[in-house]
Amino acid sequence: MTDQGTQSPPDERPPNGRSFDGVMDRIAGIGEPIRRALLLPTLALVLALVVGAFIIMVTDVDAWRRMGDEPLAALGDMLDGVWVAYRELFIGAFGSVRALSETLFTSTPLILAGLAVAVGFRAGLFNIGARGQIFVGGLFALWVGLHVDLPAILHIPVAVIAAMIGGGIWGGLAGLLKARTGAHEVITTIMLNFVAAFFTLWVLKTSVFQEEGSTIPKSAPILESARLPTIFGSQYRINIGIFIAIAAVFFVYWILFRSTIGFEFRAAGFSPSASLYAGMNVAFLYTAVMFLSGALSGLAGATQTLGLPPYTVTDNFAGNIGFDAIALALLGRSHPFGVLWSGLLFGALIAGGRVMQAAAGVTVDLVIVMQSLIVIFIAAPELVRAIFKVKAAEAEPTQVTTGWGA
Amino acid sequence: MKRQMRFFAIFAVFALVLAACGDGEGEATTTTEGAEATTTSEAMDDTTTSEAMDDTTTTEAMDFEAVKVCFVTDDAGVDDRSFNASGWAGVQDAVASGAAQPDPILLESASAEDYQPHVETCLAQGAEHIVTSGFKLADTTAAFAETNPDVQWTIIDFGSLGPNVTGLEYQTDEAAFAAGYLAAGVTQTGIVGTYGGVNIPTVSIFMDGFARGVAHYNEVNGASVQVLGWDPADPDAGVMTGVFDPADPIVTATCESMLDEGADIMLPVGGAINLPCGTAIQSRGIDGALVGVDADAVEAMPAEYMDLWLVTIEKGIQIQTQRSIEAHAAGEPSGGTSLVGNLENGAVGLSEYHAWEDRVSDELAAEVEQILEDIKSGAITWDKFVVGAG
Amino acid sequence: MTLELRGITKRFPGVVANDDVSLSVAPGEIIALLGENGAGKTTLMNILFGLYSPDEGEVLIDGKQLELSNPSASIAAGVGMVHQHFMLVPVFTVAENVVLGLEPTEALGWIDKDAADAMVREISDRYNLAVDPDSMVEDIPVGVQQRVEIIKVLVRNARYIIFDEPTAVLTPQEVEEFFAIVRGLKEDGKGVIFISHKLNEALEIADRIVVLRDGKSVGEANPKTATENQLAEMMVGRPVELEVQKGLAEPGKVVLSVENLVVLDDRDHRTVDGVTFQVRANEVVGIAGVQGNGQTELVESLTGMRPSLAGHVFVDGVDVTEWSPRAIHKLGIAHIPEDRQESGLVLQFTVAENMVLDSYYDRPYSRGIQMDWDVAAHSSERLVDEYDVKTSRVDVPVSDLSGGNQQKVIVAREFDRDVKLVVASQPTRGVDVGSIEYIHKRIIEQRDEGAAVLIVSSELDEVMALSDRILVMFKGRIAGEFEGATATTTEVGLAMLGSGGSHD
């Protein structure tokens, strides 16, 4: 149905009304009006907070016990519980230097891994393997951090680059498998996650990483020279990793929107057949983009092994980052700046959630629930639109991937 | 993996809401499995009445000045049906006995990133006694114990880390040895099996003692009962699932492969990873049994598995945690020492036989009793695990 | 006893798709609804069929007001629609497709197959449709599938039948058969609305022609007196040259030479089975043929997008067999791909991004690996002007453009350099009359500037109009060759069906 009005009749367009103001930015993809880009995520956050409040209320067992006798007081208790929880969440995320430090520190690997997933989405690939790439990248950095003796000025870059190579190889492997054999990256990256996780578990028990005489799967402390320097002294965990993450945001922006290979990534992401027509090597692009994606995840691994006090590494250092990354890439509409924004949001939620858990007695799982809700609302834009009666044109879903057939 | 479960957290929430509305029970700190956590901790209250713990000294008579306690789990969370759950239950016992102030703080970790901020939160909240759970918190505990000498610390499953840190360690292989002897005595196929979550000392110590107990049975009785999953001569070859998440299919697969080889008595070591094995035994209709670990499985595990427990190798994390807090509250903190639980002091032992009581002959029961006594007295000894290395 | 639309207005965000349109059709009457893509034809019919609700206006059937935005009500009132894209289940039989949704069931819910077969047979016989109820839909030709759609409508007792671009998928012979069926419906007292943008078809079949432009009804024409030029002017709003104006070709040296080319399709069938031909400079060669006779694979192979099994392709004497698309492109070959939305454009990309889609990797659009979007934007601006692409800006997604303007983007991109050889596949499919005129002019311009041009089209009229020489492809082989100046539609059409194939 080609003529149903989504296209204006040609005559309606002013023939001489072209404007090239800021044309570069528009072509490059950030021209999407800020309002439109932020509207849906913001509404999703609001909805998640509302549902979260509801959950806090219905799980307030003490208040429910009083409900029979003094319903109003009980309801007041519930609302008070919500208030305290959200107040503490906010204080824990932004309320002090320590809170800000924790928010930024927690955001760092999330932003990096989120960029990794976003780059994949832009090229039409669904990289679920950030977790595995974090493991491999982190182990590469850990090895350099333990066994290479260099001054800090060299040691950190070498360890970080090693992490990118390690993560890149792990991601590139999935890309190569897709390019060569057509194996779907969703399957291969999930499987490589398992391989990486169990490999990590095993290798931490070998003499390669283990402290001498130890029998538990924990690495020796990495050398001082390889530890990411903290920014505000050792009492705050925030370290130069956040600068790496921000630099990565700009780098990914440049790659995607200003470089020729980024043009190819995006073309292949939207239309593999048009890329083939345009003379692009789609098979190479799959491998390249997965390498880049893996390298970014590897950076997140580096911040986890080189930047996390007490600088000894245990098996699950990838934590939930690999999966949070998928959520925040969606939330950030696969745009580097969007990922930065949503990475900070998730970091704040997690850091604030720790404090909320302690001070308000609300389980940390609520934070996970809220993250999940945000993503569900992002993934179901119709729902958000229906609730807020937002016009379709203003809150379009982001293109994620061309799906299983890609 | 457990971490992938978070995508299903939303569904868990609805389950939680139903659970919370359904029974009106639960605690201030609810979690995605809140209702179950409650049963666990309630059940653990009874542990002290079970056989092995009978000879422990009662501390209720003592005069306590209640301390403020903060409990930090490792990334498995408090509902691990393992050391985190047991430690938290011990904290609550300390509250009950008056050694800990009411409303102790529980901080659940979701990842390694949480350990330090949680410990910092404990300190900021003015905790006088901080219990950290598991070896993953060792380095963080050591660092903060050093900079906070006025605070007393207890670390579960690890040795003392300083003059103000009490280590809780367990010579569980002593009881596991007796359990192995028992298993070898009741197996009908002549094959028993064991597997662990991850090859760490706190896990493999069970498997090692168990396998040695089976070997002892063979030696004494001229039998040839076979052990799958562990060979004391080659500890690196021990069978491990790599996960502590019972929902992971690898857990069921690991158990089933041993059942395929004919094992009828199984010792899975690591939280609730024995439950899928129980399901497998039931669904195959095998006349087999499970050996539980940590807290008496009859109390700690769901009712549908009640017929399966041969015995539990009890590891008194709960009681030792309570004792460590109580020592502090009594004005004699045990910091600087490792409380090593063993048969002798009763923090390690075997539970009652429960459903399998009729299946264990009086002779066998007497032999097991004798073995327990011989280990205590040193008449039976072997190259035991050195606990607390690291 | 009529179907009447009165004062229908439908607005979409930013555009008025229908603006106070009125239309009526009586039983036994055929109305042609003529208009360019985007004129509002389909919107109007979707309103009639209950898929959209209008902002203003009403629909009356036999004087009774029709409940709008409810397809069931429309069907119940006797309105049936045969969509451009068939809505059939390929793995079901004809009868099963026909009764889908109104299954005549026996006890226990089993479909009464005999009853269904009988229904299909009865209608097929009455209107001379020659449809076998037991055939699997995926096994029958497109023309027959369309008749299955007609049966579906008739089974539901439609008295007014809407055909949306029904001839787009048919061969010339099938079009004739289709018209015979439509006349049969008319004789039976059905009212027919025939949506098209093809002038000759409207003139041939309709009793009355209604022309839409920009959502407005711009008038009616009597097919007995109107000419194609008059209709085209009504559709486009200005005089249009329908005849391709071209001089005689003066073919020069051989530019493209294809020798015994064999190409496999995705299912490893030899869809191109030993094809040999040449295209010379200053010459347009058209390949006619029913879709699916190897044209697609032939073009893909010539342009490097599909490997060949045997044979050779030479461009200017250079063997380019198995060259990559980029290498062939660099040689000076302009490729207008068959499916512009699938291959020719990245729809989500802006006009400017699409303008550099196959030249982004080199100066002036990039230096090293850094794109220079300013240069791309300004160059696109120039091309948009030069090639009459109607767009407000070059930074809007190309998907916002109409089909004709999208195609002009491709033409601009491909022709804006030294071109030796043009390979144009379905260059005007789904394109409005004004753009067709424009694109044809540009193609002839390329020929006159010395390029060799290969046109592949399933529109026989287009091949006839443009070509200096016509080749017919049938079952992967060249089944006939005709001189463009002397060939007749009949003889080429026969060759397309595999009979005849005279050489002259």
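A:E102, A:R237, A:R354, B:E113 and B:D114 are joined in a network of salt bridges, a salt bridge being a side-chain nitrogen of Lys or Arg within 4 Å of a carboxyl oxygen of Asp or Glu. The model is predicted, so local features need pLDDT of at least 70 and side-chain atom pairs count only at pLDDT 80 or more, while totals for chains, interfaces and linings use all residues. Residues are numbered from 1 along each chain as its sequence is written, chains are lettered from A and ligands numbered from 1 in the order in which they are written, and side-chain values use heavy atoms, with hydrogens and water left out.

**Confidence**

- The model has an ipTM of 0.83 and a pTM of 0.81.
- For chain C the average pLDDT (the predictor's confidence in each residue, from 0 to 100) is 88, and 97% of the residues score at least 70.
- Where pLDDT is low, the predicted coordinates should not be read in detail.

**Salt bridges**

- Over all chains, the whole structure holds 56 salt bridges.
- In chain B, B:K136 pairs with B:D75, with the closest N and O atoms 3.2 Å apart.
- B:K136 sits in the loop between β3 (129-133) and α5 (138-147) of chain B and B:D75 in the loop between β1 (69-72) and α3 (83-96), so the pair ties together parts 61 residues apart in sequence. Helices (H or I, at least four residues) and strands (E, at least two) are DSSP runs, numbered from the N terminus.
- Both B:K136 and B:D75 are buried; buried means under 20% relative accessible area, exposed over 50%, and partly exposed in between (1.4 Å probe, protein chains only).
- In chain C, C:E29 and C:R208 form a salt bridge at 2.7 Å, N to O. C:E29 is in the loop between β2 (15-25) and β3 (30-35) of chain C and C:R208 in strand β9 (residues 208-213), 179 residues apart.
- C:E29 is buried at a relative accessible area of 15%, and C:R208 is buried at 19%.
- C:E122 and C:R126 form a salt bridge at 3.7 Å, N to O. The two residues lie 4 residues apart in helix α4 (residues 113-126) of chain C, about one turn of the helix.
- C:E122 is partly exposed, with 48% relative accessibility.

**Helix packing in chain A**

- The axes of α15 (residues 365-379) and α16 (residues 381-388) of chain A come within 4 Å and cross at roughly 90°. Axes are lines fitted to C-alpha atoms, for helices over the stretch in contact, and angles run from 0 to 180 degrees between N-to-C directions.
- α15(A) and α16(A) are therefore roughly perpendicular, a term for angles of 65 to 115 degrees.
- The contact (heavy atoms within 4.5 Å) involves A:F377, A:I378 and A:A379 of α15(A) and A:P381, A:L383 and A:V384 of α16(A).

Methods:
Angles under 35 degrees count as roughly parallel, over 145 as roughly antiparallel, 65 to 115 as roughly perpendicular and the rest as oblique.
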